[in-house]
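Biologist: I would like to learn how to read this model, feature by feature. Please start with how strands line up.

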Protein chains: 2
Amino acid sequence: MTYQVFDTTLRDGAQREGISYSVVDKLAVARLLDEFGVGFIEGGWPGAMPKDTEFFRRARTELDLKHAVLVAFGSTRKAGLDVAADPQLRALLDAETPAVCLVAKSDIRHVERALRTTGDENLAMVRDSVTHLVAEGRRVFLDCEHFFDGFRYDSAYTSAVVETALAAGAERVVMCDTNGGMLPSQVTAAISALTERLGVSPDRLGIHTQNDTGCAVANTIAAVEAGVRHFQGTANGYGERPGNADLFAVVANLQLKLGLPVLPDGCLTQMVRVSHAIAEIANIAPDTHQAYVGAAAFAHKAGLHASAIKVDPLLYNHVDPAVVGNDMRILVTEMAGRASIELKSRELGLDLAGHPDAATRVTKRVKELEAGGWSFEAADASFELLVRSELPGMGAARPFALESYRVLVEHREDGAVVSEATVKLRVRGERVIATAEGNGPINALDEALRVGLLRHYPELRGFELADYKVRILEGSHGTGAITRVLVETTDSAGRDWTTVGVHPNVVEASWHALVDALTYGVARTPAEV
Amino acid sequence: MTYQVFDTTLRDGAQREGISYSVVDKLAVARLLDEFGVGFIEGGWPGAMPKDTEFFRRARTELDLKHAVLVAFGSTRKAGLDVAADPQLRALLDAETPAVCLVAKSDIRHVERALRTTGDENLAMVRDSVTHLVAEGRRVFLDCEHFFDGFRYDSAYTSAVVETALAAGAERVVMCDTNGGMLPSQVTAAISALTERLGVSPDRLGIHTQNDTGCAVANTIAAVEAGVRHFQGTANGYGERPGNADLFAVVANLQLKLGLPVLPDGCLTQMVRVSHAIAEIANIAPDTHQAYVGAAAFAHKAGLHASAIKVDPLLYNHVDPAVVGNDMRILVTEMAGRASIELKSRELGLDLAGHPDAATRVTKRVKELEAGGWSFEAADASFELLVRSELPGMGAARPFALESYRVLVEHREDGAVVSEATVKLRVRGERVIATAEGNGPINALDEALRVGLLRHYPELRGFELADYKVRILEGSHGTGAITRVLVETTDSAGRDWTTVGVHPNVVEASWHALVDALTYGVARTPAEV
């Protein structure tokens with residue numbers, strides 16, 4: 001029997017604070033999830049949310065899913081209402097999905113205090129709703145809300161909900177850790193107690209966890225190890241409070257650690273791409289430290305290890321990063337020694353190992369700079385310029401020499417805030433003076449520099465300052481502290497590179513990073529524009 | 001026997017990409033960890049890192065720890081070197097800490113390929129190093145690097161390392177999942193196999209996990225459930241790649257879910273404060289979705305559940321947020337926003353609830369400002385000024401009116417970088433023009449403002465700009481992005497307050513924060529200086 005990978009990014013995951021998908025976003029996310037190979041995509045709650053009703057309507061013509069079955073979510077019928085007369089169940093059927101996931105209360109306290117009905121009526125609501133949808137030809141999953149809390153408080157009642165849903169024809173009954181308070185051993189114990197009590201196989205059950213103990217992934221794995229073959233999660237663990245189980249980590253663990261074939265062949269390598277694309281659509285910065293898919297998931301910093309990583313990368317990576325579509329990275333930091341600097345250079349196509357003197361000079365220089373607050377771990381382009389400058393005949397040509405610059409910020413009598421910069425340069429033997437305004441001192445300086453250089457370097461037109469980050473180092477000394485600036489630049493070919501500058505003065509630090517950015521970009525784009 | 005909560009935020013946690021603590025930072029983090037009640041603080045690697053040597057030197061006179069024992073980290077002696085002649089072990093002893101944590105290779109592949117020595121010599125290195133440090137009166141912990149991978153590959157050799165260290169007098173031998181690839185069930189199985197093989201009790205062992213499968217917390221819990229009573233982790237899970245086990249989630253789970261008394265009484269409620277303060281020092285934005293301590297950890301979208309949550313909050317929270325120093329938050333509705341603003345004001349001693357019109361105006365203004373990127377979470381003083389300005393007769397007097405300012409940064413022909421600011425103000429009816437230099441534009445502006453105001457407000461002499469933070473919002477639009485500045489000011493009485501400014505121009509954003517800082521400070525110090 002196969003595993004059911006059930007994604008709820010578009011329904012439960014959308015509860016994450018700050019997420020608000022348009023219908024077009026939802027369609028795009030669904031396509032990505034399908035490319036990743038999930039078996040089920042829960043798209044939303046038709047009827048309750050107009051946007052979701054619209055999503056299911058458009059999905060019928062606009063979604064062509066290869067792997068996944070589309071699922072509409074809703075709740076069991078209202079207390080005291082005939083199932084055929086319940087408009088919410090009507091909307092569920094109108095969504096015309098092959099499968100439906102119903103949520104039911106399974107903790108008697110929530111039945112009585114939140115739903116304000118009786119335990120018996122709640123069981124009838126489960127029975128009627130499942131029966132009705134099955135009769136209409138739907139595959140039905142039933143989410144037992146607050147399953148674990150309910151089972152602990154009154155296991156007889158919670159078991160009765162599970163039993164009722166299975167008897168009525170639910171394909172799987174899903175144990176939900178709605179408040180997210182479980183630990184793996186508690187999940188294992190509850191599943192064992194439930195299956196023993198009801199005499200059902202765990203493969204009739206499903207698992208849905210939340211990350212409030214930081215154990216959502218482990219709780220899901222524990223359930224699968226206990227025989228459960230249907231698990232719910234969301235892309236990147238998005239969800240309410242600390243989120244849902246991160247489907248990427250769950251799937252990677254099951255495939256790579258337990259050898260369970262939960263995804264179709266060839267899909268696992270899509271993981272990083274799908275993860276980042278969904279983050280883009282959700283407008284949430286990707287978590288660089290996320291397991292498996294983060295940019296830092298396979299980044300190594302320690303100098304201690306770098307020499308050995310060269311010899312045998314798999315001794316230092318728990319899996320081959322390529323199997324999930326990720327890469328290993330070596331970071332250049334104050335903790336790094338010569339070995340990691342050589343390794344990093346090789347990554348950049350520069351043979352430092354063959355030039356031991358240059359390697360010594362680069363290592364010395366990196367250590368000095370890092371002691372002064374520089375950091376190259378996020379600034380590959382500045383690092384490359386530094387290495388090249390020490391390699392015979394490899395130094396990047398400096399596109400200009402600075403004579404002076406001046407930046408002015410004025411808050412005028414009328415309240416207007418104006419920034420203006422003037423640069424005086426020597427460019428290919430010519431003296432250039434250029435002035436520009438900007439919406440801040442750094443922006444003005446960047447603009448003035450471009451104005452001054454553009455005639456000699458037309459390729460600058462394609463460069464765009466894509467990101468600018470400031471960090472104050474040793475902030476406990478007030479504004480006198482050192483400033484570190486990172487600048488990310490892109491060119492018209494879609495390439496991007498990051499440079500760094502450090503100085504007590506934020507303008508001078510930014511200047512360094514801007515100049516490195518232009519130098520690197522010009523050296524890389526040799527007059528081909 | 002008690003549990004050993006072993007924190008390695010300052011050693012292994014500092015491997016996180018982007019973290020670079022100063023010695024002052026390290027001392028501050030150690031104090032916070034001690035307030036949180038950890039039993040051991042691993043402070044760094046003396047000898048290998050000059051900053052860490054300095055940390056241990058200053059710790060002797062500047063750290064007065066209530067709960068924690070300070071631990072120096074180092075590696076076993078070099079292959080082929082006499083233990084007494086090893087400079088690295090000498091530096092460990094010179095750190096003069098009561099306890100030492102040694103790292104040893106315990107995977108035969110790493111011994112042979114990375115360390116390039118024999119299995120026997122590695123065992124001798126473990127034996128000699130532990131014996132030597134114990135003879136010098138140190139409590140010794142031994143971290144078995146790559147324990148789990150090694151044990152899987154060659155359990156006889158890895159077991160021999162454990163056995164050797166215990167026989168030599170190590171207090172605990174720590175099983176490290178260095179590559180972070182384990183799942184809880186695999187941790188449980190390995191501990192059972194090891195203890196059976198060696199005939200030792202699991203309480204002689206420790207656990208150190210990394211989060212590469214997203215299971216670091218669960219793996220730690222699994223080890224404790226298997227009888228291990230020493231566990232290592234870091235504040236907020238900081239660490240290399242996806243990080244270490246988050247000590248906050250581990251401790252909260254053990255105390256609140258398993259009822260194990262791992263912290264001294266009264267410490268658990270410090271968790272949120274300590275977590276956020278360490279994030280500030282590390283200059284990493286707190287993870288709002290972090291289990292237990294995140295701002296969203298107990299945040300509920302209102303609506304369906306709102307009334308039920310009010311009646312019985314514990315039905316919707318897996319623990320009472322107050323026990324870890326957190327709060328429940330209700331999102332979305334305007335009433336909730338207003339309620340929390342009233343609550344916050346009451347915290348500051350201002351009665352907004354008694355002035356419904358003012359409360360409406362403040363709520364509206366906060367919402368508008370927050371939509372524009374302002375954030376008052378870390379800027380109580382700016383928030384208080386805003387609330388006061390809407391309360392009849394409570395507004396803080398503005399100490400001056402701005403006419404204009406001008407800031408100039410020059411990089412001169414001789415390479416000197418000079419910043420100069422001029423402010424034109426009206427102070428108590430008098431027109432004041434003042435100019436000052438600084439080591440950056442913001443510092444110059446701050447100085448000019450003080451020069452201009454000092455004659456009228458001599459108390460400014462006691463104010464010091466203690467911290468200055470910049471964050472770029474919506475960084476994907478280049479230097480045109482919005483800048484948020486936080487300024488922390490202290491006065492001669494040791495009080496401190498934080499203010500905020502937001503503007504596309506970093507100078508103007510800083511100006512707002514500086515002016516709020518002076519206004520608040522002057523209003524608070526009525527001519528008593």
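**Reading the fold**

Modeller: Leu142(A) stands opposite Val173(A) in β6(A). This is a predicted model, where local features need pLDDT of at least 70, side-chain atom pairs count only at pLDDT 80 or more, and totals for chains, interfaces and linings use all residues. Residues are numbered from 1 along each chain as its sequence is written, and chains are lettered from A and ligands numbered from 1 in the order in which they are written.

Biologist: When do two strands count as paired, and how many bridges join β5 to β6 in chain A?

Modeller: Two strands pair if DSSP finds at least two bridges between them. Strands are DSSP runs of E with at least two residues; helices are runs of H or I with at least four; both are numbered from the N terminus. In chain A, β5 (residues 139-145) and β6 (residues 172-176) run parallel, joined by four bridges.

Biologist: Which sheet do the strands β1 to β8 of chain A form?

Modeller: They make a closed barrel of eight strands, in the order β1-β2-β3-β4-β5-β6-β7-β8, with parallel pairing. On average, neighbouring strands are turned by 25° against each other, direction ignored. Angles come from lines fitted to C-alpha atoms, for helices over the stretch in contact, and run from 0 to 180 degrees between N-to-C directions. Helix α1 (residues 23-36) of chain A packs on this sheet and touches β1 (4-7) and β2 (40-44). The direction of α1 makes about 170° with that of β2(A).

Biologist: What are the overall figures for chain A?

Modeller: Chain A has 17 helices and 16 strands. Its C-alpha trace spans about 90 × 60 × 45 Å along the principal axes. Of its 529 residues, 55% count as buried. A residue is buried if 20 or more other C-beta atoms lie within 10 Å of its own, exposed if 12 or fewer, and partly exposed in between, with C-beta atoms placed from the backbone.

Biologist: Let us turn to chain B. Is β6(B) mostly covered or mostly open?

Modeller: Mostly covered: five of its five residues (172-176) are buried. Arg172(B), Val174(B) and Cys176(B) point one way, and Val173(B) and Met175(B) point the other way.

Biologist: Which strands pair with β6(B)?

Modeller: β5(B), residues 139-145, pairs with β6(B) in the parallel sense over four bridges. There, Phe141(B) has Arg172(B) as its bridge partner. Strand β7(B), residues 205-208, also runs parallel to β6(B), again over four bridges. Val173(B) has Leu205(B) as its bridge partner in β7(B). From β6(B) the chain crosses through helix α8(B), residues 184-198, to β7(B), in a right-handed β-α-β crossover. Right-handed means that, with the strands pointing away from the viewer, the path from the first strand over the helix to the second runs clockwise.

Biologist: How should I read a nonpolar core?

Modeller: In soluble globular proteins, nonpolar side chains tend to be buried together. A nonpolar core here is a set of buried Ala, Val, Leu, Ile, Met, Phe, Trp, Tyr and Cys residues joined through C-beta atoms within 7 Å. The largest has 195 residues, and Leu142(A), Cys144(A) and Met271(B) are among those with the most contacts inside it. Another core, of 108 residues, lies apart from it and includes Ala421(A) and Val500(B).

Biologist: Which residues does Met271(B) contact, its neighbours within four places in sequence aside?

Modeller: Among them are Phe36(B), Phe248(B), Tyr292(B) and Val324(B). Contact means C-beta atoms, placed from the backbone, within 7 Å.

Biologist: Why does Asn219(A) count as buried?

Modeller: Because it has 31 C-beta neighbours inside 10 Å. Asn219(A) sits in helix α9(A), residues 216-225. Nine of the 10 residues of α9(A) are buried. Beyond four places in sequence, Asn219(A) contacts Asp177(A), Met182(A), Pro184(A), Val187(A) and Thr209(A). The buried residues of α9(A) pack against elements of chain A, including α8 and β7, together with α8 and α9 of chain B.

Biologist: How many residues does each chain bring to the contact between A and B?

Modeller: Chain A brings 93 residues and chain B brings 93. On the side of chain A, β11(A), residues 401-411, gives the most, with 10 residues. Seven bridges join β11(A) to β11(B), and the two run antiparallel. His411(A) has Tyr405(B) as its bridge partner.

How values were computed: Contact = placed C-beta atoms within 7 Å.
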